[in-house]
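Me: I'd like to learn how to read helix packing and chain contacts in a model. Could you walk me through an example?

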Amino acid sequence: MNQEIFKDNWELIVGLEVHVELATKTKLFCGCLNQFGSEPNTNVCPVCLGLPGSLPVVNETAVYYAMQLGRALRCSVNRSVFARKNYFYPDMPKDYQISQYDMPTNLNGYLELPTGEAIGIERAHIEEDTGKTTHIGTSGRISGSDYSLVDYNRAGIPLIEIVSEPEIRTIEQAKAYVSELRNIILALGISDAKMEEGSIRVDANVSVRENGEDNLRTRCEIKNVNSLKSLGRAIEYEANRHISLYENGESPKQETRHWDEDAGRTRSGRSKEDAEDYRYFTEPDLVPLNPSKETIAKIDQEMPELPSERRGKLADLNGVKSSDMTLLVERDHDAFALDAIKGGGEPEKVVKHLVNNLSSGLGALTPEALAQLVQMENKSEITSTQAKKVLGELVQRGGMPANLATELGFEVVGLNDLEKLVDQLINEHSDEWERFCSGDTKVQGFFVGQVMKSTSGQADGKIINQILNERATSE
Amino acid sequence: MNSVTPEQYQSASEIADLVATREISALEILERHLNKIEEHEKDVHAFNLVTINEARAAAKETDKLISEGENVGPLAGVPVAIKDNLCTKGIPTTASSKILEGWNPPYDATVVRKLKEAGATIVGKTNLDEFAMGSSTENSAFGPTRNPHDLTCVPGGSSGGSAAAVAAGFAPIAIGSDTGGSIRQPAALCGVVGVKPTYGGVSRYGLLAFASSLDQVGPFATSVKDAAIVHEVIGGYDPLDSTSIKQAPNSFVNEIDQGVKKLKVGIISELMGGIDGITQEVIDQTNIAVSTLSNAGAQVEEVSLPAALYCLSAYYLIAPAEASSNLSRYDGVRYGLRVDGANLQEMNVNTRTEGFGDEVKRRIMLGTYALSAGYYDAYYGKALKVRRLLAENFAELYKDYDVLLSPTSPCTAFKLGAKVDDPMTMYVNDVCTIPSNLVGHPAMSIPFGSGKDGMPIGVQILAPPMKESVMYQVAHTLEKASQ
Amino acid sequence: MSDSISSDEVKHVAHLARLRLTSEELVTFTDQLRAVLDHAKDVEALELDDVEPMSHPLPIENTMRKDIPNPMLKPSDFLPQAPAVEGGRFLVPKILGEEE
């Protein structure tokens, strides 16, 4: 049910590596400000510039945030050891990155998608961010640039890297994974996780295999995906690229590729040599982290309500679709919905209003007001068109719908009066009535229009139709 | 013998007393030392840079503060020479390498800050083997330092400049760094006291890293008491160094006279003849030290440290591995030498190829190899296990013994150029000192007699982690006896 | 293990370490590195499966700092000594790029 079958016979396999910038006050290994948008090279010190003689000291808040995220993802939180990942690149002040390798903080968790599947999380570890390199030349891409400029403000910002198992099988799942991960991060308050600002970055590992195959084939890592839409496009492009190669008797090379948004394709990445040998070894300048059971218990106790729990509360309500639940939680309107329902509003209508008519915000609207509005609609005291208008006013200036409806002159014509009107019209327009009764549905609009005219629009169209049909069948 | 050592050494603690009580000014003390430097530095080449103006300004400031009634600190007006791999703000710090020639750090190493706060007058930056890699100071990009006892001989290394500065009387105290013996071995060859503290006992913040899990900063002095005073000043917890010990021991001077009665001293048999290149005169002097301690009331026995035989190999895998990573940052991008290239990678290669000397290149390649895919387990991984074995050996011994004893260097100072052609021959100089670095234990060398050519011999005292007090007591006893 | 290190391997690690060797240096360094690694065969030969590696000499854990700002440097503290600068950023020659 969750397979996305490409071209009849191929299965998509995706694993996602997500990097999240933590919203600490200071960097991971020094007391420089963790701040976006400063003048280049102004949030730096000997440590994050990698000056000779400098030494790292780890930020305890970054570690705490990492453990919180680990527990939210149901990982085990372990004794961890920092390691050096050695390679030369100008955005790395030490020409090695301090990360975690075989003893990371978090291991073996899972992320529950809104649709219910659990995607395995292999690990979530702590590492430092690099500086930012800008390529100056014709295209802003590396190839074709004349030189590059480096700013180290970002060097040393704390990152958590979350690595999923290759258990994602559709593009929708991939997007849902990132959205849900983001929602969890926002619920924890550890990052603002904005893809467009780079505080959350997604790399996709993509491979395909024939339907029914057991083993995993060669995968490529896709970088430079800056939105969920691009993620989908990139995965699709890359999967098709692999399939084409296989169908031509070739196979993809294991490599890193970059997504080119403008051209709509991936391109081979930079290393012309063999896979980089990072020569990982334990970071001698830092000591192991060994959180106590008490600390982990505290983190569990203080865990805020996560999106899956919030959706769960809505799931028991009748008539609420799972896509609506996800949307409400994403917009932070789920608690409001539950309050309105508790206040007497019928769940399906409450959710419908929130989903369809309140996407730009709740303003001054209260749950009690929404509950009353829905009750009025259900008792036909107000048409749905009128309800929308009243809702708009409630958002603008608050108050209760009954008062506002009166103020706006929205008096719905009562059922008795409507019946009388319809009967009157049937008498006055017997030809048209006969046509309607013999099945001419076009005439229906004529009758509804007439009723609306006499009531200056204060009639519920659905009820008019109901009455017409009743009269017709009783003939 | 071509010697430029002074008749008598003036002690740092004496100087500090005289300056603090205003019997002599800090400036006067400085000028006396600058004169000595002027006279013999051209022969010794202990310094990469003598910071005459800064020193005068600092000495004047010290005198001013004292005249205002301020307590300037335990090293008031004492001239100190700093190894040129420690950051001194505003003063070039080169690690004796072309790749950092002229680089001016924007900050002081913690040790440098502490010395300034204690009232010391920094007289200059001393020569070293490039990036602290060597045992003779012949690997410096700026020419070798010569042993003040015999200018045709090496001073030892890598802190040869600091050892020579003290031996020549240029400064009563100096600071060096010790990764495999780089304080103790030159101390022995130059006939001065040299101490490697417990790992984490002195901050490494501002020390240009060679091998991070082995490096320690420590003092050179002409007496055990002076060394202990400097150690107290520079030691202690530093929040800028994650490997710094919170309860670092910091009181050595008060108990220095305790003597050695009832102490149990173990002589490491593996280092008393079983090794390459150890000379009979060194063994003889060490035995005399043993008798001295015995006569002073210590219980002395031979002990075995089996893992000692593997230390040289383990060290020459671990140290270069860490060094290969620590030296990656010298890439021509942010500071220091840049030799241009058609693209970034070529620039990196050109810069590092021209900027590093042969020994540094050797060790970087050796270290890179030891860490590389496929070889990690056989080399680096194994070496880390030898380290654990060694720690267990030591722990066993220290259940029964208070300190251990060995020679510091297998031989006295050799001639300049004698060992430059074969790296292995040079590496063997460190065989007695390396074990302490691998396990992070304190150790020190004190001058104890000389060889037939009159060149100094040093004896090494090793102590358990954080037990420097006992080490200093034993050293003090031996020092008194040898006077 | 076989012959401890070949000149191809020396070339490879030199490249990883961003060093260039002349053909003479390649020969000399290979001999010298081989001598050290041969000496290290004594360690290589030890049976140490049950021994835990020791990366740190000290048994310290959990040294951390609070998330509080510390004084930072100003660009004038270090940019004047940089080999090349433009617009307040470090300038480097072009980085070899992607293939098409």
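Reply: α12(A) and α15(A) are oblique to each other (angles under 35 degrees count as roughly parallel, over 145 as roughly antiparallel, 65 to 115 as roughly perpendicular and the rest as oblique). This is a predicted model, where local features need pLDDT of at least 70, side-chain atom pairs count only at pLDDT 80 or more, and totals for chains, interfaces and linings use all residues. Residues are numbered from 1 along each chain as its sequence is written, while chains are lettered from A and ligands numbered from 1 in the order in which they are written.

Me: Which angle and axis distance describe the packing of α12 and α15 of chain A?

Reply: In general, two packed helices are described by the angle between their axes and the distance between the axes. Here α12 (residues 415–428) and α15 (residues 461–473) of chain A pack at about 55 degrees, with axes 10 Å apart. Axes are lines fitted to C-alpha atoms, for helices over the stretch in contact, and angles run from 0 to 180 degrees between N-to-C directions. Helices (H or I, at least four residues) and strands (E, at least two) are DSSP runs, numbered from the N terminus.

Me: Which residues of α12(A) and α15(A) meet?

Reply: L415(A), L418(A), E419(A), V422(A) and I426(A) in α12(A) meet I463(A), I464(A), I467(A), L468(A) and R471(A) in α15(A); contact requires C-beta atoms, placed from the backbone, within 7 Å.

Me: How many residues do chains A and C give to their contact?

Reply: Chain A gives 45 residues and chain C gives 34. On the chain A side, β10(A) gives the most, with seven residues.

Definitions and conventions:
Contact = placed C-beta atoms within 7 Å.
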